[in-house]
Amino acid sequence: MRKQSPIVGIIFWTVVSTLTLFPIYWLFVISVKPAVQLFSTPDVILSDPFWGNYAKVWGDRLLRSYMLNSVIISTGNAILCTILGFFACYALSRFKMSGKESIFFWTITNRMAPPAVFLLPLFLLMTQVYTIGEWRLLDTQIGMILVYCTFNLPFAIWTLRPTVDGIPKELDEAAFVDGASSWKVITEIVFPLCRPGLAVTLILTWVFAWNEYLLAATLTNFNARTLTTGLSEYVTTTGTEWGIMATISVFTLIPALIVFGLVQKHIVAGLTFGAVKG
Amino acid sequence: MRFALTIGASALAFTIAATSAFAGSNDDWWKKAAEPYQGVTLRGVTESSPPSLYIREVLAPQFEELTGIRVDVETTSWDQMFDKAIKDMEAGTGIYDMVYIEQDIIYSYLARDFLTNLTGLIADNPDLKAPTYSEDNFTTFADYFKDGDGNLYGVPMEAFIKVYLYRTDLFNDPEIQAAFKEKTGKDLKPATTHADYAEIAQFFTDYGKENDMKLWGTTAQAHTGHVASWYEYFESVAPTFGVYNWGIDADNNYAASVANGGSMNSEEAKEAMNWWLSMRDIAPPESNASTWTEVGTTFGAGRAAQGLVYGENAGWIAADKTKSLVVGKVGVALPPLADGVLAEAESGEGYIGYYDGGAFGLPSTSKQKEAAALFLQYIGQDEVQPDWAVAAPRVTNKSTYDDPKVQAMNEELGGYYDMLKDKGYLFAGAPAYPFHAQVREATAPTFYKILTGDLSVSDGLDQMATIAEEELTNLGYRK
Amino acid sequence: MQSNRLGWILLAPTLTILFFFGVLPFIYVVYVSFHSWNPFAANPEMIFNGADNFRRIVFDEEFLNSVGVTVMFVFFAVLSELILGYILAQAFMKDFPGKSFFRTIHTLPLIMAPIIVGSVWKLMTTPSIGIIPHYLDEWFGISMNIGTSAFAAFTTIVIMDIWHWTPLVTLTLIAALVSLPPDPFEQAQIDGANKRQIFWHITLPMIAPAVVATVFIRLMDALRTVDEVWMLTGGGPGSSTRFVGVHIFKEVFPKTNYGYGSTISVIVLYLTIVACWLLYVTMLAPRNSKEG
């Protein structure tokens, strides 16, 4: 495999990338097609694009606030889950606590729950229990950040565990011998070494939160509505506004790409840290 | 194009409409009535359909400017809307002051006392009664939102009938007419019987094939995994064969099967299903994956010569050039009927199709009922209707039909509003069942199996009738 | 050595959040699952009915069918994703021109929300109009109709899922591969091991924890798949793509059958836990306990 000619590689990657990109390209095609052409014979090549949908979406103030909510909720949730997940993994990796394997397995069961039925108790809790005076957790950004922890925190713990376990304990011990505090060992020695795993966790938790639909649709009303719930507004009985939906989707790719760009550097940094030759 | 049929296409139009808000002579009354409710924010939830978006974009801002009462309208998808409203009302949270009630849910809400009696509320608070609002202004459609004593529980905001839509350019083409005459010996005109309809459908499907056109003889809302198909059969096809109210007899212990006195698996029901499936088989291939949305798109793309289409879609198909290729080429007619059905519909015993639509209701759990009642009256006034009808084709008040703007639109829609006005009484809303969604969902999987051919029509309808009765027993309605 | 107290302190925030947003709702669902409760029944109250719901579920054909199709879906989708994901991850370990560009492209499907993915695939596969059936028919004479063919609908959903989620597998496996120490590989090469031996005896055991973690995540998410299927087929044709997630959704949302819906959810959750536990015990736990 190592000595194959670069042409094979280029062909391989071109094919894979084309397959990967096609549905996204098609999304773009839909976004620049007038509605009237959607049910006509499809053409692979784009001709005469129509930018009306973009003008509409860009000018929609509600969508802008949905976008902001989405960014705040997914970023807040991803950072929270990555940090808490890292702490939890460190605890599971370095301490001999009784029942820790059970705890570890139990965390993941939170992600297994079929969400539809859990909406009702969450709704009741967030409107009637988690309240302070008139204020309630329902329809708030912090509420969604916390709710998303139910599926993202287990994910973070599960993807980070192998990484944290992989950092040799001798490093911690050497630091303790040098008189470092536990906090310092965790944040300044182990944390940086886990960078590739942390970056992947951050990206993926962000993506899960960014894409979540069902919980947001039920647990937000006016103030914390996210982009995915905004999308569902275009599926109506008088016709799905495919063009607008596709346009919004194209817009949602932009912040996602920025996050990816920022975080991918750290995966790349990780590549040099422990490269394996295949 | 003068008609701004969708919010998407008409953000600009709405801004204009909003600034030219009608200058009513009753402004002072509204200001005074709203005085006690300054600083109040009303919250509503609705489906993001054009009429609802008109409320959010136009009527709510107008109302706020006039009265100082803020109105936030949450628009969401059909599935989500009911779930959110039900959770709120069931738990008594009081998030919403207005909820969208569609025909398919109103009787469930009424059975649970989820809604405020608007007639009573306004009668008890004479100060709240707007001079320009009267229940008498509504069309008969409002009757579907009343209880047994005639009390109104929702202000109508959407109203459509599912019509027989046909392509006038094809039906009036002399060459096609001659070909049809030659083939069938009949004149080509909109069908009045199922046999005629089938003949025309077959003719056009063949015609499309022979001429290598993307044209088929009929539409079919026959999705194999979405309740749209279930609705087309029970609301629009079965009644034209004389099977009403889904074949469930409310006066006979909610019987569904013939054995117990229902008609869900009657000979007529089976004939209706066979006819409909035979139409589906000569409809465009996408019909098997079509909901109401795709049926509209299919027709708008010029792929069908005739079909049963919801009025809300007939509007944009007939008049919106940005979405439809058949603008100005569409005529409306009454659905084809079996013998005797028209007579039954005229006498009020039966109906010939679905009168669809919704209203804005006031949840019992709302904490701001008085302010909400003001807004509901505001959107129920005759004065706001014409512009609303033009922006999103729907008529809920009698006087709206006479407005010049609406009359002009009637022309473009091939006489759709005339039919709604004159023949609307032949159509009916959903049966008055508090278990609407429950029985629908319980029987739907079996229904889909009939569509896919896994079950024969006869066996399938027999099973559906049994399942419906079981579900009704489980729910405690059938004793 | 550090004290266990610190360990518990580090775990505390996680456990607290999961308690308030995971455990409490779960207790409520279990409670409801022993009741008959439909707010639109003749009696809208919650009525305790013991284990009736659980007895009913055993004979519920629709439910059992949905479990069957879900298991098939999960099997085909997750297995393909794992194999493809590993091949791609290995391919990304090599240096080649434009690598970071291709890697970015490859991760793009992840940032599309399931409801968007469902919508795009729906438009691409609409019978006779979508681009895929159109060209399948024009080039190969194959007629593909996801409205009538259970096979076409099921396959489309599997392919859609592979397209959407293989990048996740690739990413997590890249993260695992890059953190492998190079020594064992160099040693093995010196000893003359071939590629297959290296894969089975060195690479696989070393990345096993990451593989299992990834399989877990994909398994669970695939079991809960709703949005894409909802957009694409609605569970049809017939019940051929009515996965448990979709089944529960239909039971709880339109049908408002909270009591029985809760029962199904508890059972599904239980089955998922058992399946994962078996996987976990056989593949990971011995390893962890050995080391921990």
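Domain bounds, as used here, come from an automatic or database domain assignment. On that basis chain B is divided into domain 1, covering 8-160 + 356-426, and domain 2, covering 161-346. The structure is a predicted model, in which local features need a pLDDT of at least 70 and side-chain atom pairs count only at pLDDT 80 or more, while totals for chains, interfaces and linings use all residues. Residues are numbered from 1 along each chain as its sequence is written, and chains are lettered from A, with ligands numbered from 1, in the order in which they are written.

Within chain B, the centres of domain 1 and domain 2, taken over C-alpha atoms, are separated by 31 Å. Their contact, where two residues are in contact if their C-beta atoms, placed from the backbone, lie within 7 Å, takes 14 residues from domain 1 of chain B and 17 residues from domain 2 of chain B. On the domain 1 side, the largest share, 4 residues, comes from helix α18 (residues 416-423) of chain B; helices (H or I, at least four residues) and strands (E, at least two) are DSSP runs, numbered from the N terminus. That side of domain 1 of chain B divides into 8 nonpolar, 3 polar and 3 charged residues, where Ala, Val, Leu, Ile, Met, Phe, Trp, Tyr, Cys and Pro count as nonpolar, Asp, Glu, Lys and Arg as charged, and the others, Gly among them, as polar.

Chain A is likewise divided, into domain 1 (1-50) and domain 2 (56-273), and the C-alpha centres of these two domains of chain A lie 30 Å apart. The contact between them takes 7 residues from domain 1 of chain A and 6 residues from domain 2 of chain A.

Turning to the contact between the chains, chain A contributes 27 residues and chain B contributes 33 residues. On the chain A side, the elements that give two or more residues are α5 (115-129), α10 (214-219) and α11 (227-232) of chain A, and α5(A) gives the most, with 4 residues. By class, the side of chain A that touches chain B has 12 nonpolar, 12 polar and 3 charged residues.

Chain C has a secondary structure of 13 helices and 2 strands, and its C-alpha trace spans about 75 × 70 × 30 Å along its principal axes. Of the contacts in chain C with a separation of 6 or more, 70% are accounted for by residues 24 or more positions apart.
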